[in-house]
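Me: I'd like to learn how to read a structure like this one. Could you take me through it step by step?

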Amino acid sequence: MSSPVIEYTISASYGDTLVLHDVGGAISAGEIVSLVGLSGSGKSTMALALLRLLRYRGGTVTGSIRMDGAELMELSEREMRKMRGRRIGFVPQSPGLALNPRLRVETLLDETWRAHAAGKPASAELLQSVQLPTDRAFLQKQAGELSTGQGQRLLIALALMHSPPLLITDEPTSALDAITQAAILRLFATINRERGTAILFISHDLLSVAGISHRVSILHQGRLVESGSPEDVFQNPLHPFTRELVSAVPKPPVRA
Ligand SMILES: Nc1ncnc2c1ncn2[C@@H]1O[C@H](COP(=O)(O)OP(=O)(O)OP(=O)(O)O)[C@@H](O)[C@H]1O
Ligand SMILES: [Mg+2]
(Lines give C-alpha, C1' and ligand atoms only; values in the text may rest on other atoms or scores of the structure.)
(Ligands and ions follow the chains in the order given, each with its own letter.)
Protein backbone atom coordinates (compact mmCIF):
# COMPACT_ATOMS: atom_id res chain seq x y z
CA MET A 1 0.00 0.00 0.00
CA SER A 2 1.18 3.51 -0.78
CA SER A 3 1.26 6.66 1.36
CA PRO A 4 -1.91 7.79 3.14
CA VAL A 5 -4.49 9.74 1.18
CA ILE A 6 -5.89 10.97 4.47
CA GLU A 7 -4.66 10.74 8.04
CA TYR A 8 -6.67 11.86 11.04
CA THR A 9 -7.19 11.90 14.77
CA ILE A 10 -10.41 13.58 15.76
CA SER A 11 -12.81 14.09 18.61
CA ALA A 12 -16.31 15.40 18.07
CA SER A 13 -19.10 16.67 20.28
CA TYR A 14 -22.61 18.03 20.20
CA GLY A 15 -22.78 20.66 22.94
CA ASP A 16 -21.20 19.10 26.03
CA THR A 17 -21.59 15.54 24.81
CA LEU A 18 -18.47 13.98 23.38
CA VAL A 19 -19.50 11.43 20.73
CA LEU A 20 -16.13 10.67 19.09
CA HIS A 21 -13.17 10.07 21.38
CA ASP A 22 -9.79 10.55 19.69
CA VAL A 23 -10.65 8.39 16.70
CA GLY A 24 -7.52 8.01 14.63
CA GLY A 25 -6.72 6.39 11.33
CA ALA A 26 -5.18 6.63 7.90
CA ILE A 27 -6.40 5.43 4.52
CA SER A 28 -3.90 4.62 1.80
CA ALA A 29 -4.38 5.08 -1.92
CA GLY A 30 -6.12 2.02 -3.28
CA GLU A 31 -7.44 0.95 0.09
CA ILE A 32 -11.04 0.24 1.09
CA VAL A 33 -11.56 0.71 4.81
CA SER A 34 -14.90 -0.10 6.37
CA LEU A 35 -16.09 1.68 9.46
CA VAL A 36 -18.64 -0.53 11.16
CA GLY A 37 -20.70 0.23 14.24
CA LEU A 38 -24.18 0.15 15.68
CA SER A 39 -26.74 2.87 15.17
CA GLY A 40 -25.68 5.89 17.21
CA SER A 41 -22.03 4.81 17.51
CA GLY A 42 -20.84 7.96 15.71
CA LYS A 43 -20.36 6.85 12.08
CA SER A 44 -22.15 9.73 10.36
CA THR A 45 -20.55 12.14 12.82
CA MET A 46 -17.19 10.76 11.70
CA ALA A 47 -17.98 11.24 7.98
CA LEU A 48 -19.26 14.78 8.49
CA ALA A 49 -16.29 15.63 10.72
CA LEU A 50 -13.76 14.50 8.09
CA LEU A 51 -15.52 16.68 5.51
CA ARG A 52 -15.65 19.58 7.97
CA LEU A 53 -19.43 19.58 7.65
CA LEU A 54 -20.30 18.75 11.25
CA ARG A 55 -21.05 22.32 12.24
CA TYR A 56 -24.08 22.19 9.93
CA ARG A 57 -25.43 19.51 12.22
CA GLY A 58 -24.60 21.50 15.32
CA GLY A 59 -21.41 19.64 16.20
CA THR A 60 -17.80 20.65 16.82
CA VAL A 61 -14.59 18.85 15.95
CA THR A 62 -11.09 19.01 17.41
CA GLY A 63 -7.94 17.28 16.26
CA SER A 64 -6.17 16.89 12.97
CA ILE A 65 -7.15 15.84 9.45
CA ARG A 66 -4.27 15.76 6.97
CA MET A 67 -4.74 15.41 3.23
CA ASP A 68 -2.81 16.61 0.16
CA GLY A 69 -0.06 17.91 2.46
CA ALA A 70 -2.51 20.28 4.16
CA GLU A 71 -4.16 20.39 7.57
CA LEU A 72 -7.87 20.42 6.69
CA MET A 73 -8.76 21.75 10.15
CA GLU A 74 -6.97 24.97 9.19
CA LEU A 75 -8.61 25.48 5.80
CA SER A 76 -11.24 28.16 5.26
CA GLU A 77 -14.76 27.13 4.27
CA ARG A 78 -13.97 28.34 0.75
CA GLU A 79 -10.90 26.12 0.54
CA MET A 80 -12.84 23.19 1.98
CA ARG A 81 -15.49 23.60 -0.72
CA LYS A 82 -12.79 22.96 -3.31
CA MET A 83 -11.81 19.77 -1.50
CA ARG A 84 -15.37 18.46 -1.29
CA GLY A 85 -16.44 16.80 -4.50
CA ARG A 86 -13.11 17.07 -6.28
CA ARG A 87 -10.74 15.58 -3.68
CA ILE A 88 -13.22 13.92 -1.33
CA GLY A 89 -16.40 12.47 -2.78
CA PHE A 90 -19.22 12.01 -0.31
CA VAL A 91 -22.29 9.82 -0.41
CA PRO A 92 -24.41 11.00 2.52
CA GLN A 93 -26.77 8.74 4.45
CA SER A 94 -30.10 10.32 3.53
CA PRO A 95 -30.82 11.09 -0.14
CA GLY A 96 -34.01 12.85 0.96
CA LEU A 97 -32.01 15.43 2.88
CA ALA A 98 -29.09 15.69 0.47
CA LEU A 99 -30.94 16.22 -2.82
CA ASN A 100 -33.08 19.27 -3.54
CA PRO A 101 -36.42 17.57 -4.32
CA ARG A 102 -37.35 20.14 -6.97
CA LEU A 103 -34.21 19.76 -9.09
CA ARG A 104 -34.27 17.50 -12.11
CA VAL A 105 -31.77 14.65 -12.45
CA GLU A 106 -30.24 16.41 -15.46
CA THR A 107 -29.80 19.65 -13.52
CA LEU A 108 -28.24 17.83 -10.57
CA LEU A 109 -25.70 16.20 -12.89
CA ASP A 110 -24.89 19.56 -14.54
CA GLU A 111 -24.66 21.45 -11.25
CA THR A 112 -22.37 18.89 -9.67
CA TRP A 113 -19.89 19.49 -12.46
CA ARG A 114 -20.24 23.28 -12.04
CA ALA A 115 -17.19 25.27 -13.15
CA HIS A 116 -15.68 22.57 -15.32
CA ALA A 117 -17.08 23.55 -18.71
CA ALA A 118 -15.14 20.89 -20.58
CA GLY A 119 -14.52 17.25 -19.89
CA LYS A 120 -17.76 16.48 -18.08
CA PRO A 121 -18.14 12.71 -17.93
CA ALA A 122 -21.08 11.42 -19.97
CA SER A 123 -24.20 11.41 -17.81
CA ALA A 124 -25.43 8.21 -19.44
CA GLU A 125 -22.26 6.35 -18.52
CA LEU A 126 -22.39 7.57 -14.93
CA LEU A 127 -26.06 6.67 -14.54
CA GLN A 128 -25.50 3.29 -16.12
CA SER A 129 -22.66 2.53 -13.73
CA VAL A 130 -25.09 2.84 -10.80
CA GLN A 131 -27.84 0.92 -12.61
CA LEU A 132 -30.07 3.93 -13.22
CA PRO A 133 -32.06 4.57 -16.40
CA THR A 134 -30.50 6.96 -18.89
CA ASP A 135 -33.54 7.94 -20.96
CA ARG A 136 -34.88 11.47 -21.29
CA ALA A 137 -37.88 10.75 -19.04
CA PHE A 138 -35.55 9.80 -16.18
CA LEU A 139 -33.26 12.79 -16.71
CA GLN A 140 -36.32 15.05 -16.51
CA LYS A 141 -37.50 13.58 -13.21
CA GLN A 142 -37.27 15.74 -10.12
CA ALA A 143 -35.20 14.30 -7.25
CA GLY A 144 -38.36 14.27 -5.11
CA GLU A 145 -39.91 11.82 -7.58
CA LEU A 146 -37.17 9.22 -7.15
CA SER A 147 -37.40 6.24 -4.83
CA THR A 148 -34.99 6.25 -1.88
CA GLY A 149 -32.82 3.63 -3.61
CA GLN A 150 -32.76 5.61 -6.86
CA GLY A 151 -31.86 8.73 -4.90
CA GLN A 152 -29.04 6.86 -3.18
CA ARG A 153 -27.69 5.62 -6.52
CA LEU A 154 -27.90 9.13 -7.96
CA LEU A 155 -25.87 10.41 -4.99
CA ILE A 156 -23.25 7.74 -5.72
CA ALA A 157 -23.09 8.82 -9.38
CA LEU A 158 -22.68 12.46 -8.32
CA ALA A 159 -19.94 11.55 -5.84
CA LEU A 160 -18.01 9.66 -8.54
CA MET A 161 -18.29 12.41 -11.14
CA HIS A 162 -14.99 14.11 -10.32
CA SER A 163 -13.11 10.84 -9.76
CA PRO A 164 -11.97 11.96 -6.30
CA PRO A 165 -8.95 10.15 -4.80
CA LEU A 166 -11.01 9.57 -1.64
CA LEU A 167 -14.62 8.56 -1.40
CA ILE A 168 -16.53 8.59 1.88
CA THR A 169 -19.78 6.68 1.73
CA ASP A 170 -22.24 6.69 4.62
CA GLU A 171 -24.40 3.54 4.45
CA PRO A 172 -24.64 3.87 0.67
CA THR A 173 -26.59 0.68 0.12
CA SER A 174 -28.91 0.64 3.12
CA ALA A 175 -32.01 1.51 1.04
CA LEU A 176 -31.26 -0.94 -1.74
CA ASP A 177 -32.58 -4.42 -2.46
CA ALA A 178 -30.06 -7.29 -2.26
CA ILE A 179 -29.36 -7.45 -6.01
CA THR A 180 -28.85 -3.71 -6.47
CA GLN A 181 -26.82 -3.65 -3.25
CA ALA A 182 -24.48 -6.33 -4.60
CA ALA A 183 -24.13 -4.43 -7.90
CA ILE A 184 -23.24 -1.20 -6.09
CA LEU A 185 -20.67 -2.99 -3.91
CA ARG A 186 -19.12 -4.43 -7.10
CA LEU A 187 -19.05 -0.93 -8.57
CA PHE A 188 -17.14 0.40 -5.54
CA ALA A 189 -14.70 -2.52 -5.80
CA THR A 190 -14.17 -1.84 -9.52
CA ILE A 191 -13.62 1.88 -9.01
CA ASN A 192 -11.16 1.11 -6.26
CA ARG A 193 -9.27 -1.36 -8.44
CA GLU A 194 -9.30 0.62 -11.70
CA ARG A 195 -8.83 4.16 -10.42
CA GLY A 196 -7.08 3.42 -7.13
CA THR A 197 -9.78 5.36 -5.31
CA ALA A 198 -9.44 5.08 -1.54
CA ILE A 199 -12.80 4.45 0.09
CA LEU A 200 -14.06 4.91 3.63
CA PHE A 201 -17.08 2.70 3.61
CA ILE A 202 -19.42 3.32 6.52
CA SER A 203 -21.89 0.62 7.39
CA HIS A 204 -23.71 -1.04 10.25
CA ASP A 205 -23.48 -4.37 8.45
CA LEU A 206 -20.20 -6.21 8.94
CA LEU A 207 -21.07 -8.98 6.52
CA SER A 208 -21.94 -6.77 3.55
CA VAL A 209 -18.70 -4.78 3.75
CA ALA A 210 -16.24 -7.53 4.65
CA GLY A 211 -16.18 -8.86 1.10
CA ILE A 212 -14.88 -5.64 -0.45
CA SER A 213 -12.79 -4.25 2.43
CA HIS A 214 -9.04 -4.43 2.82
CA ARG A 215 -9.44 -3.35 6.43
CA VAL A 216 -12.33 -3.14 8.86
CA SER A 217 -12.48 -0.69 11.76
CA ILE A 218 -15.02 -1.19 14.50
CA LEU A 219 -16.54 1.86 16.16
CA HIS A 220 -18.24 1.34 19.50
CA GLN A 221 -19.78 4.20 21.46
CA GLY A 222 -17.56 6.74 19.74
CA ARG A 223 -14.34 4.80 20.21
CA LEU A 224 -12.37 2.77 17.71
CA VAL A 225 -12.17 -0.58 19.45
CA GLU A 226 -10.63 -2.77 16.76
CA SER A 227 -9.09 -2.57 13.31
CA GLY A 228 -7.75 -5.30 11.08
CA SER A 229 -8.22 -7.34 7.95
CA PRO A 230 -11.77 -8.72 7.53
CA GLU A 231 -10.33 -12.22 8.05
CA ASP A 232 -8.73 -11.22 11.37
CA VAL A 233 -11.78 -9.38 12.60
CA PHE A 234 -14.07 -12.27 11.72
CA GLN A 235 -11.85 -15.14 12.78
CA ASN A 236 -10.14 -13.63 15.77
CA PRO A 237 -12.18 -10.72 17.14
CA LEU A 238 -10.40 -9.27 20.16
CA HIS A 239 -12.81 -6.75 21.67
CA PRO A 240 -15.96 -8.07 23.40
CA PHE A 241 -18.12 -5.81 21.25
CA THR A 242 -16.54 -7.14 18.04
CA ARG A 243 -17.12 -10.68 19.29
CA GLU A 244 -20.76 -9.88 19.85
CA LEU A 245 -21.01 -8.29 16.40
CA VAL A 246 -19.37 -11.28 14.71
CA SER A 247 -21.50 -13.80 16.59
CA ALA A 248 -24.60 -12.01 15.29
CA VAL A 249 -23.49 -12.66 11.70
CA PRO A 250 -24.91 -15.90 10.29
CA LYS A 251 -21.92 -17.02 8.16
CA PRO A 252 -18.31 -15.91 7.67
CA PRO A 253 -17.66 -14.15 4.35
CA VAL A 254 -15.43 -15.15 1.49
CA ARG A 255 -13.21 -12.28 0.42
CA ALA A 256 -13.59 -11.37 -3.28
N1 LIG B 1 -27.25 17.27 16.01
C2 LIG B 1 -27.08 16.47 17.05
N3 LIG B 1 -27.22 16.96 18.31
C4 LIG B 1 -27.03 16.15 19.39
N5 LIG B 1 -26.67 14.86 19.32
C6 LIG B 1 -26.51 14.33 18.10
C7 LIG B 1 -26.71 15.11 16.91
N8 LIG B 1 -26.47 14.31 15.84
C9 LIG B 1 -26.15 13.11 16.34
N10 LIG B 1 -26.16 13.11 17.69
C11 LIG B 1 -25.83 11.97 18.58
O12 LIG B 1 -24.50 11.56 18.30
C13 LIG B 1 -24.37 10.14 18.36
C14 LIG B 1 -23.79 9.63 17.05
O15 LIG B 1 -24.70 9.89 15.99
P16 LIG B 1 -24.39 9.45 14.49
O17 LIG B 1 -25.44 10.03 13.62
O18 LIG B 1 -22.99 9.79 14.19
O19 LIG B 1 -24.56 7.88 14.61
P20 LIG B 1 -24.46 6.76 13.46
O21 LIG B 1 -23.42 5.78 13.92
O22 LIG B 1 -24.28 7.40 12.16
O23 LIG B 1 -25.89 6.07 13.56
P24 LIG B 1 -26.81 5.42 12.38
O25 LIG B 1 -26.27 4.05 12.11
O26 LIG B 1 -28.17 5.35 13.03
O27 LIG B 1 -26.79 6.33 11.21
C28 LIG B 1 -25.77 9.62 18.67
O29 LIG B 1 -25.85 9.38 20.04
C30 LIG B 1 -26.69 10.76 18.29
O31 LIG B 1 -27.85 10.77 19.07
MG1 LIG C 1 -25.42 7.47 10.42
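**Starting from one residue**

Reply: Let's begin with contacts, meaning two residues whose C-beta atoms, placed from the backbone, lie within 7 Å. Leaving aside neighbours within four places in sequence, L50 touches Y8, I65 and I168. Before going on, note that this is a predicted model, where local features need pLDDT of at least 70 and side-chain atom pairs count only at pLDDT 80 or more, while totals for chains, interfaces and linings use all residues. Residues are numbered from 1 along each chain as its sequence is written, with chains lettered from A and ligands numbered from 1 in the order in which they are written.

Me: Is L50 buried or exposed?

Reply: The idea is to count C-beta atoms, placed from the backbone, within 10 Å of the residue's own: 20 or more others is buried, 12 or fewer is exposed, and in between is partly exposed. L50 counts as buried because it has 25 C-beta neighbours inside 10 Å.

Me: Which helix holds L50?

Reply: Helices (H or I, at least four residues) and strands (E, at least two) are DSSP runs, numbered from the N terminus. L50 sits in helix α1.

Me: What is the order of the strands in the open sheet of 4 strands?

Reply: Strands pair if DSSP finds at least two bridges between them. Here the order is β2-β1-β4-β5, with antiparallel pairing. The edges are β2 (17-28) and β5 (70-71), each pairing on one side only. Helix α1 packs on this sheet and touches β1, β2 and β4, its direction making about 65° with that of β2. For such angles, axes are lines fitted to C-alpha atoms (for helices, over the stretch in contact), and the values run from 0 to 180 degrees between N-to-C directions.

Me: How do I follow the pairing, residue by residue?

Reply: Look for bridge partners. Between β1 (residues 4-14) and β4 (residues 59-67) there are 9 bridges, in the antiparallel sense. Y8 stands opposite I65 in β4, and both of these residues are contacts of L50. E7 has R66 as its bridge partner in β4, while R66 also stands opposite E71 in β5.

Me: What happens in the hairpins?

Reply: Check the residues between the strands. The hairpin of β1 and β2 has 2 of them, and G15 takes a positive phi near 60° there. The hairpin of β4 and β5 also has 2 residues between its strands, with D68 at a positive phi near 50°.

Me: Why is one side of β6 and of β10 left without a neighbour in the sheet?

Reply: Those strands belong to an open sheet of 6, ordered β6-β7-β8-β3-β9-β10, with mixed pairing. β6 (88-91) and β10 (223-228) stand at the edges with a single partner strand each, so one side of each has no neighbour in the sheet. The twist averages 15° from one strand to the next. Within this sheet, β7 (residues 166-170) and β8 (residues 198-203) run parallel, joined by 5 bridges.

Me: How many residues surround ligand 1?

Reply: A residue is near a molecule if its C-beta atom, placed from the backbone, lies within 6 Å of it. For ligand 1 there are 14 such residues, and the closest are Y14, S39, K43, S44 and T45. Helix α1 (residues 43-50) gives the largest share of the shell, 3 residues.
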